[in-house]
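Hi there,

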Amino acid sequence: MRNLIAVIGLTTITGLVIISSCESAVEGKTNTNTTVLADTEIYVAIDTSLIPNDRFGESVRYGRELMVNTARYIGPNGSAGKFLGNKMNCTNCHQDAGTKQFSFNLMSSHDHYPQYRGREGKVLTLAERINNCVTRPHNGKPLPLDSKEMVAFLSYLKWINSFVPKDKPFKGNKNMHLSLPDIAANPERGQILYQENCSRCHGADGNGQWNNDKSTYTYPPLWGSESYQPGSSMHRIIKQAEWLKHNMPYDKTGSGKPFLSDKDALDIAAFVNNDRIHPRPNPKSFDYPHITEKAIDYDHGPFPDTFSVAQHKFGPYQPIIDYWKSKGWKPVM
């Protein structure tokens, strides 16, 4: 499972990304910077040679560099400031610098913010959302909103957004859909699957693998003090399993061709995020001021229902979904 979670590194501009880094084949490039396949599904193709050669383009290029080599610039020993609390990179979760399909894709994020977020219970700007990632999965402190680095992140996200079709959704904008089983995710079975599929990159101890100079990870840690916080998206079992389904193991998946079954992905996510055996950094807050807006796989109470912490954590999830719908609440996954 190359560069698996992270919540959260791509080392080249063409696509050696975070946890796995598999480039997608591009067919039939059109004048609209999209790829149209025979089944009419739209794929977005990013061409970095089109970044403008002006001041804005400089900011876009730096923003992409920050996505790929986050720890180098703003990590604990960052050359541009010490903001992250660990040495993971944004592209560990947002593969191909946020442009890979089904991989926490960021290409439409500039269109979607400002946006109401249930976790904070308020409308967030895109800059605030970026800082959420800096402070949570990266265990850091917020970037100043007017900093060169924040402006570069925003410039890059605006530029990749220019490739997105405005009249229809594009394939891979969201994570890959899971069919939820009627039994709970099984972390014990997940441990066996992890050893078979993930430990060769992320280690039996989940500590990942450093690059040569230990400035960042070739494969990021999946638990421990240098990994992501509880409450991060990757700490939610459904959310992580959706990501795993399309992206892991990195050398056994193809575009739209998962290797893991839905149950496999859920069980691995349950093992990786089993807090009874895997320590994590302590978050400052678990947020969600309005409990009927919590994600159903968020495992910190209080809850607006009678289901246990364990069921919110591991499932089965369908009874929770059905109960929420019966109350007129929207289940968030």
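In what follows, a contact, or one residue touching another, means heavy atoms within 4.5 Å. This is a predicted model, where local features need pLDDT of at least 70, side-chain atom pairs count only at pLDDT 80 or more, and totals for chains, interfaces and linings use all residues. Residues are numbered from 1 along each chain as its sequence is written, and side-chain values use heavy atoms, with hydrogens and water left out.

Let me start with His-246. This residue lies in helix α9; helices (H or I, at least four residues) and strands (E, at least two) are DSSP runs, numbered from the N terminus. His-246 has a relative accessible area of 2% and is therefore buried. Here buried means under 20% relative accessible area, exposed over 50% and partly exposed in between, with a 1.4 Å probe and protein chains only.

Which residues does His-246 touch, not counting those up to four places away in sequence? They are Lys-100, Gln-101, Phe-102, Met-176, Thr-253, Gly-254, Ser-255 and Gly-256. Gln-101 sits 145 residues from His-246 along the chain, yet their C-alpha atoms are separated by 8.7 Å. The side chain of His-246 also reaches the backbone oxygen of Gln-101, at 3.4 Å. That is a polar contact: a pair of N or O atoms within 3.5 Å, where within protein one must be able to donate a hydrogen and the other to accept it, and residues adjacent in sequence count only if both atoms are side-chain atoms.

Next, the interior. A nonpolar core is a set of buried Ala, Val, Leu, Ile, Met, Phe, Trp, Tyr and Cys residues joined through side-chain atoms within 4.5 Å. The largest one has 35 residues, and Tyr-194, Ile-237, Leu-244, Ile-268, Val-272 and Ile-296 touch the most other members. Two or more residues each come from α7 (187–197), α9 (237–247), α10 (262–272) and α12 (318–326), with α10 giving the largest share, 7 residues. A second, separate core of 33 residues includes Ile-74, Phe-83, Leu-143 and Ala-152.

Now the aromatic rings. Rings of Phe, Tyr and Trp (its six-membered ring) pair if their centres lie within 6.5 Å; planes under 30 degrees apart count as stacked, over 60 as edge-to-face and the rest as tilted. The whole structure holds 10 such pairs.

- Trp-159 and Phe-163 are edge-to-face, because their planes are at 75°, with the centres 4.8 Å apart.
- Tyr-194 and Trp-223 are tilted, because their planes are at 45°, with the centres 5.5 Å apart. Tyr-194 is in helix α7 and Trp-223 in the loop between β6 (217–219) and α9, so this pair ties together parts 29 residues apart in sequence.
- Phe-307, Tyr-323, Trp-324 and Trp-329 are linked by ring pairs into a cluster.

Finally, the cysteines. How many disulfides are there? The count is 0, taking a disulfide as a pair of cysteine sulfur atoms within 2.5 Å. For Cys-93, the nearest cysteine sulfur is that of Cys-133, 8.1 Å away. The sulfur of Cys-201 is 8.5 Å from the closest one, in Cys-198, which is too far for a bond. Cys-93 is buried at 1% relative accessibility, and Cys-201 is buried at 4%.

Best wishes
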